[in-house]
Every structure is written in C-alpha cells, then in structure tokens.
Amino acid sequence: MGPPRSKKRRPTFRRLLKTSGVKLENKLKNRQLKQQNVAKKQRKEQKRLRQAVKDAAIRTPRPLETYRKRPEEEEDEEFLETLPTDMMEDDDLQRMTAMARQASFITRDLSSCGPVHSGKKRSSEVVHSYEKVPRKMVRTEEKEVIHLLPIKDKTGVIPQTVERVIKHQKGEEEEEAADEREEPENEGEPESVVELTAEQRERLRVQIINQKKLLIANLASAVISDPFSNIKRLKELRGMLMEPDPCVAVTVRKLVMVSLMEIFKDIAPTYRIRPLTAAEKGVKVKKETQRLREFEEGLVSQYKFYLEDLEQTIKDWKQKKKKRSQVVSLQSYQSLAHVSVRCLCELLLALPHFNFHNNIVVVLVPLMNDPAKQVSDMCCDAFRKLFQEDKLGGASLAAVRVVSGLVKSLNYNIRPEVLRTLLSLRIQEVQLKKDVEETAPQKKFMNNKEKKKNLSRMKRKWKKAEEKLEKELLEVEASESKENKIKLHTETLNIVFLIYFRILKKAQRSVLLPAVLEGLANFAHLINLEFFDDLLSVLQNLIQSGDRTNRESLHCIQTVFTILSGQGDVLNIDPLTFYSQLYKMLPRLHAGAPNDDIIILLRCLDTMLIRRRKQVTLQRAMAFIKRLSTLSLHVLPNASVGMLAANRATMHSFPKCDFLLDNEVQGSGFFLPELDEPEHCNAQNTALWELHTLQRHFHPVVRQFAAHLSHGAPSEGSAALGMELSRRSPVELFSDYSVKDMTFNPPVALPRTKKKDRFTDGATLLDPELQRRVNSVLNITEETLLDFNATHTPSQH
C-alpha cells in the first residue's frame, strides 16, 4: 500500500489566484504602515532636536554690557589726576574719588545708560540698549532648484539640478519706504476743503457721469463680446447699483439698470436653465461642458440678484423708505421705481421662456392697479403685448392666474383697465380636429409605381411598414403639441370666465361691469353650454333694469347673440326681447352720444340680422332698416356710412325689403315710428324718404351710399358701388372714414338770385372753425345750410 492520502484538499487555480491577491494586498498595506511609522518617528526626533537646540541657545551665557567711554569722561579722569592732591586732606580726597566712581546725575550718560535706580528692578525686566537698536539682517538670495534630466552612469542614475537666483525688486521696497516716510508728514496737515460754485459742481458732476458711463460701457461690452469668460463682470456692474456718491447716484443707477436689462436680453439663452442635481455635479465632464455649466450658473444667479434689486427699489418707493444708504432722497425713488418697472416690463416681453418669468409676473400684476397712472399704463400695455405675442399659452395662463388672485384679494376694487387687458388673449385661435391635420408636417412618401420600379418585394414590405410608422409618429407629435396648447387655453379661459361670473354675481354695481360685459361679448363663442340659461337670464335682467349705459346694454345684447349664433344655435330660445331692446335703444345713439358705441351696434346688427336671417321675420328687418335710415341723419358721417352699409347688407339678405322704396305700396295700418316693438310698428307702410335727403349730404361717401340704396342696392350697373366700398364690411367702413379726414364738399352748384340776395358757396360765408364744428356735430344738409347762411352775414362772423 502506498502512503496515506492527505485529507487536505488541494486548492484550485482560482483559489490560488484569489489567495495570492489577498496576500499581495496585505503585504502592500503592511509596507505602507511601516513607512508611515518610520516617518512619524523621524518627525518626532527632528522635533526633539529642534527643541534641544533652542534650549541650548537660550542657556548660552552672554557678555555683560560694556560702555565706551566718551571723550568728556576721559578728560575728567585726566583732570582728576592733575588736581593738586597735596593741598587736600586724605578724607576729602577719598570722598571725591568715591563720588567720581559712582553713577550720579552729573556724571551719567543719558543716551547710553539705564535708569539710576535700575538695581531695584528685576534683572529680567531690564531692556538692554542693544535690544533697542534696529537689526539689519543680511539678505541672502533665495534659491530655487530646477530639476533637469538625469544622467545614467555605471554607478546608477545621477539627478541633475540647477539653482535659480530670485532677485528681489528693490524699486518696490524703496517706494514703500518712501511712502512710509511721507505718511507721517501728511498726517499732521489739515485737509483743505474748497467750496465750489454751482457751475463748478455741475461741471464736476458731468465729468463723473461721463467716467461712469465709460466704465459701464466697458463692462457691458466685455460681457456681450465674450459672455462665457466675462460673466463675473456682471457682478461688478451690478455693484454700481449702490453708487455712494449722492451727486450722481440716481443717474448712475438708472444707467446700470437699463444696461443690465439689455445685457440679459442679449446673452440669455432660448431655454430655461435648471439647477444641477447632486449626482450630476459629481460626474466628471468635459471642459466645454464644465465651462457651459459655470456660465449658466453665474448667469442665473446674477439675473436673480438683479431682479431682486429691481423689486426692492419698487418696494422702497411704495413704502417710502430709504434703503441701505442715505444718498438717494425719497423724491428720487419715484423715478428709480419707474425705471425699474420699465426694465421688468421689457424682460417680461423679451424673456418669457427664461427663468424667474413667473416671479416677474407676480411683481408686475399688482402694479397694474397702481394709483400712479404712468406705472399702471406701462404694466397694462406690457401684459397686453404679452397676451398678443404668446403663442403657446403658458405665460398667459400664469398671468391670468395672478390677475384672478388680485381681483379676489382686493374684493373687486380694481381699475377696469386690468380686466380690459384680458381682451388681448389669443384664445380665439383654438380650433377643432381639422387643425391638427393642417399643422402636421407633410412628408413625401413613395407611391406604388415607384416602389415596384425601384425596390424588391422584401424591401417594399419593409418600406411600407416604415412609412406607416413615420406617419403615426408625425400624427402623434402634432396632436400632442396641439393638445397641450388647447389644454392651456382651456384652463386660461376657465379662469377668465370665473372672474367674469364672480363680478356678475357679486358686484353688478361695480365699475368693472362694462369691462366684464365687453369680455363676455369677446369670448361668448367659447362659453360652455351649461352656463347659457343662467347667463341669459342675468343679462336680460341687466338690460331691463334701465340703469345701464348704452355701451353696457349693447355689450349685453352682443354677448347674447354671439352665444346664440355659435354653440347656442341648438337651443330653442326666442330672443325677441333683445331685438326689442336694441330697437328701442337706437334713437339714443345720436351725435351727442359717444361715437364709439356705433361700432358695437354694427357688430350686433351683423349677428342679429345677417347671420340669423332664417330666424328673423321680414317685418322685423324692415323696421330696423327704417330706424337705421332715420338715425343716419343724426350721427357723424362715418357712423352714417356704417349704418347705410348695414342697410345694404340687410336688403341683400331680405330682397323683399324693396317695398320701402315704393310709395304706392300700401298695407294694413299706419306706420308707428314711436312704437318700440319692431314686429308691430307697420314698417311696410312707410318709405325711405331719408335716402333722398342723404343724397344732398356734404360727405361724398354718404351721398354715394344713399344713391346706391335708393336704386335698390344693385350689384351691377351705374348705381352699383365700387370695389373699394362693396367688399368692405360696415365695421371696416366705419373705422376707415374717421371724422379727422372729412372736409366740406357741396354736392351741386347752388342757384343764383339777385346780387344782394345771391347765395354763394357756403364755405366762403362760414368761418372755417365754425364750419368744422357745424359739420362734425350737427351733420348739416344742404337745405339747412342755406337757411343758416341766409340769416348770417360774413360781418357777423
């Protein structure tokens, strides 16, 4: 039998590798620990040696202080030796010798000796004279070793070094010493304050302002030329917002505010910068990426501090407090606050995508209701432009939310201009599904013939699947962006209607009601069907109350018919009451009332008569045509043009209205012009005699429309209108022909009579200013003008 087998398992190769690695690591750790212990012992030994050397130096005996004899003392000793001692007694001679050897006030050298009673003090407290003498250290040249490439020899590697001598700059030391010598000389001199005259102070102020302007321009140009490298210059520029000089503090601060605003508008990126997470900061990145991160971090921090400075300036102005320094008076804070508001408004419009935009909105929305009209108008204009330029809807939603909170917090005691800014919202552009297909980018795909010609069967199959996938991706991308826009606009509109309905419910007597009614009329086509019944009843009560102005009543009627012509056409509602209210209101819209109400009337007529022509009876249409023709005699010329254009559109929609142009047609009953019910006034029994009078109007366009309607409003022939008039709506014609451009122009030559009673052109008899007032206010026709000239001679003017 062989030797017994060992019970110990033979280790595998992997186990050997593993154990060998652990052993190597342990050996390395032990070696490192030994090196650390050795280094520690060496440091302790060196410390002990230094301490021993220091103690030995302290215990070294030092020689006593020796004094050099002065020439006077040597002469005194010679004098004592030459004295005739034979004439003095021994006792006196010994006493004088002892006195000469002692240190007395007479024999003591004050410049070299210590105090007389120095023996009474401790020896450790004595300050020797050589300690008072300044030490002059011998300057040794500092040497720096430069390591060169080593040399290899038979013995081994030999390192090579070269010593570099560092020479001290003697010039700087001499200048510092000279400054130190000069300082004590100037300390004793009093500062001379010279009082300057007003002219000299102004020149000095202009000079300082020019220097500050150059500094601001240099810093700003450096930042704009290379923002990544010079982003720290923004801190220097922002530090000038606390200019300490009271003479130029206000001007410099304004310049710095505007300059920083323009800089941020130029260098801000087109995206929002988010803060980095801890994990992202710990990851090692490229130099370019790190540089970009540092730039973004510096930009966001400086932008935040700048906005805080602007906000603090506005708060100080509102609270009437001086901030940080007393260099700026309280009267100057108003101008500084105006500049701050202007800068915030510019940043609101220029950087809606950048950081802290919502913070700017929160600061500016309360200022829309500020008592200062300049500040309020500035903020309202800024938000109006923001609503008009916002295509996505995110910025508009944030602003509307803050406005809603402001209205609720102030209990509806705000200016109407705040609510009128909401009329600029671009919510009308939201449309239905067909927009998604129109806005989706069109991609050109291969047809079947091209596929069979250029591709194999397998490639055609892959191509078909690929095109299908691309189409789906395009549709999904377009629908998501459109859905996001619709979602934002829907939420914005809900908040707007919430503001309007709260005011209608709780503050019907408020000055905000006209703005609310105008907003409802603007967004009425987007109101949910669930609110129609309640809203119509509220509007009807407002109109029937009788204490509403013409404009408010017109807005109520416009809102009702905008609803009924849009989503409300499915409702079975007869708005006869609103027709009667508008018919009753027409005589109140004469030349003495505001002319701006006419444009609302024209919009109401377009919705009530033209768009709803299938629900309107012929009697109602003829009654409106008759009353509008009568009203056109009592309004300004541009309003007359708009009303006649509305009559033309109504006559085209209701061809049987030509009964009003025939005097021989008779019906049942008589025309009742004072009756306010259009269905029962018997308008078919009258004629449009006003057209004959309007043909003699001084305005050429009014004459042209009157002649056109008197011929039945034909589309062709000599009585037809030109292209520039026929293709424009009544609202456009009303806006185009303003009162400023109207001049007096008589239609025909006036008849001549005797020389003393002869009438001439009215323009030569009337004073120009009086003629302008008469034409613009009374809208005089030719007959009344002749009567007026007959009773007034030129001398009376």
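1. Contact here means heavy atoms within 4.5 Å. The model is predicted. On that contact criterion, the buried residues of helix α23 pack against α21 (550–565), α22 (576–585), α24 (618–631), α25 (637–653) and α29 (730–736).

2. Helix α23 covers residues 597–610, and its 14 residues reach 19 Å from first C-alpha to last, close to the 20 Å expected at 1.5 Å a residue. Twelve of the 14 residues are buried, so α23 is largely enclosed by the rest of the structure. Among the buried residues are Asp597, Cys604 and Thr607, along with Ile598, Ile599 and Ile600.

3. Helix α24 has end C-alpha atoms 20 Å apart, which agrees with the 20 Å that its 14 residues should span at 1.5 Å a residue. Eleven of the 14 are buried, so α24 too is largely enclosed by the rest of the structure. The buried set includes Arg620, Lys626 and Arg627, as well as Phe624 and Leu628. The cover over the buried residues of α24 includes α22, α23, α25 and α26 (690–694).

4. The largest nonpolar core has 157 residues, and those with the most contacts inside it are Tyr306, Leu364, Phe383 and Leu419. Once neighbours within four places in sequence are left aside, Phe383 is in contact with Leu348, Val361, Leu364, Val365, Met368 and Ala399.

5. On the surface, Phe228, Tyr271 and Leu292 form a nonpolar patch with about 250 Å² of accessible area together. Leu292 belongs to helix α10 (residues 287–319). Leu292 counts as partly exposed because its relative accessibility is 33%, and partly exposed lies between under 20% for buried and over 50% for exposed.

Note on methods
Residues numbered from 1 in each chain as written. Predicted model: local features only at pLDDT ≥ 70, side-chain atom pairs only at ≥ 80, totals over all residues. Heavy atoms only, no water. Patch = residues over 30% accessible without salt bridge, like charges linked within 9 Å, V, L, I, M, F, W, Y side chains within 5 Å. Areas by Shrake-Rupley, 256 points an atom, 1.4 Å probe, with all protein chains shown as cover. Salt bridge = Lys/Arg side-chain N within 4 Å of Asp/Glu carboxyl O. Helix = DSSP H or I, 4+ residues; strand = E, 2+ residues; numbered from the N terminus. Buried < 20%, exposed > 50% of the residue type's maximum accessible area, 1.4 Å probe, protein only. Expected span 1.5 Å × (residues − 1). Core = buried A, V, L, I, M, F, W, Y, C linked by side-chain atoms within 4.5 Å.
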